[in-house]
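Hi,

Here is the structure I promised to pass on. Have a look at it first, and then read on for what turned up.

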Amino acid sequence: MRPTQAAGTTTGEAFQDGNVLAGPFREFFTTDLTTATGTCAACGRAGPLAELRVYTHAPGMVARCPECDAVVMRMVRGPEAAWLDMRGTTALRIPLPGE
Ligand SMILES: [Zn+2]
């Protein structure tokens, strides 16, 4: 996966798409969350987590909304625990197999 140059952001930092979250998520969740639909708290955009812009060179990972560039998710993995800050996401719709 090649980093992409952020278009329309003031920082100009390279980011990757939300599929980069699949690896760490697989460690905490049994369902593939990259197919889940997240709703941005700032602009209300709903879309798959795979479409988020993920900056991996911060301490941990920072995922931004592709519509308004707001931070929707932060994740830090320490040696014994992980922190997932989702205050920028109002809802997460996780597809599950039918019962
Ligand atoms: Zn947004």
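Before the first item, a word on terms: a patch here is built from residues with over 30% relative accessible area and no salt bridge, and nonpolar side chains are joined within 5 Å. By that rule Phe 28, Phe 29 and Leu 84 make a nonpolar surface patch of about 210 Å². Phe 29 sits in the loop between helix 1 (22-28) and strand 3, and at 32% relative accessibility it is partly exposed. Do keep in mind that this is a predicted model.

Now the overall layout. The chain has one helix and nine strands, running β-β-α-β-β-β-β-β-β-β from the N terminus. Of its 99 residues, 32% are buried.

Next, the metal. The zinc ion takes its protein donors from four cysteines, with the SG atoms of Cys 40, Cys 43, Cys 65 and Cys 68 lying 2.3 to 2.4 Å from it. Angles among the four donor atoms are 106 to 112°, and the site is tetrahedral. Along the chain the donors are spaced C-x2-C-x21-C-x2-C.

Then the charged pairs. Searching the whole structure gives four salt bridges. One of them joins Arg 77 to Glu 27, with 2.4 Å between the closest N and O atoms. Since Arg 77 belongs to strand 7 and Glu 27 to helix 1, this pair ties together parts that are 50 residues apart in sequence. Arg 77 itself is partly exposed, with a relative accessible area of 45%. Another bridge brings Arg 45 and Glu 51 together at 2.5 Å, N to O; Glu 51 is partly exposed at 42%.

Last, take a look at Asp 85, in strand 8 (residues 82-85). Its side chain meets that of Arg 87 in a salt bridge of 2.7 Å, N to O.

Cheers

Definitions and conventions:
Residues numbered from 1 in each chain as written. Predicted model: local features only at pLDDT ≥ 70, side-chain atom pairs only at ≥ 80, totals over all residues. Heavy atoms only, no water. Donors = N, O, S within 2.8 Å, 3.2 Å for Na, K, Ca; no water. Tetrahedral: all angles 85-135°; square planar, octahedral: opposite > 155°, others 65-115°. Patch = residues over 30% accessible without salt bridge, like charges linked within 9 Å, V, L, I, M, F, W, Y side chains within 5 Å. Areas by Shrake-Rupley, 256 points an atom, 1.4 Å probe, with all protein chains shown as cover. Helix = DSSP H or I, 4+ residues; strand = E, 2+ residues; numbered from the N terminus. Buried < 20%, exposed > 50% of the residue type's maximum accessible area, 1.4 Å probe, protein only.
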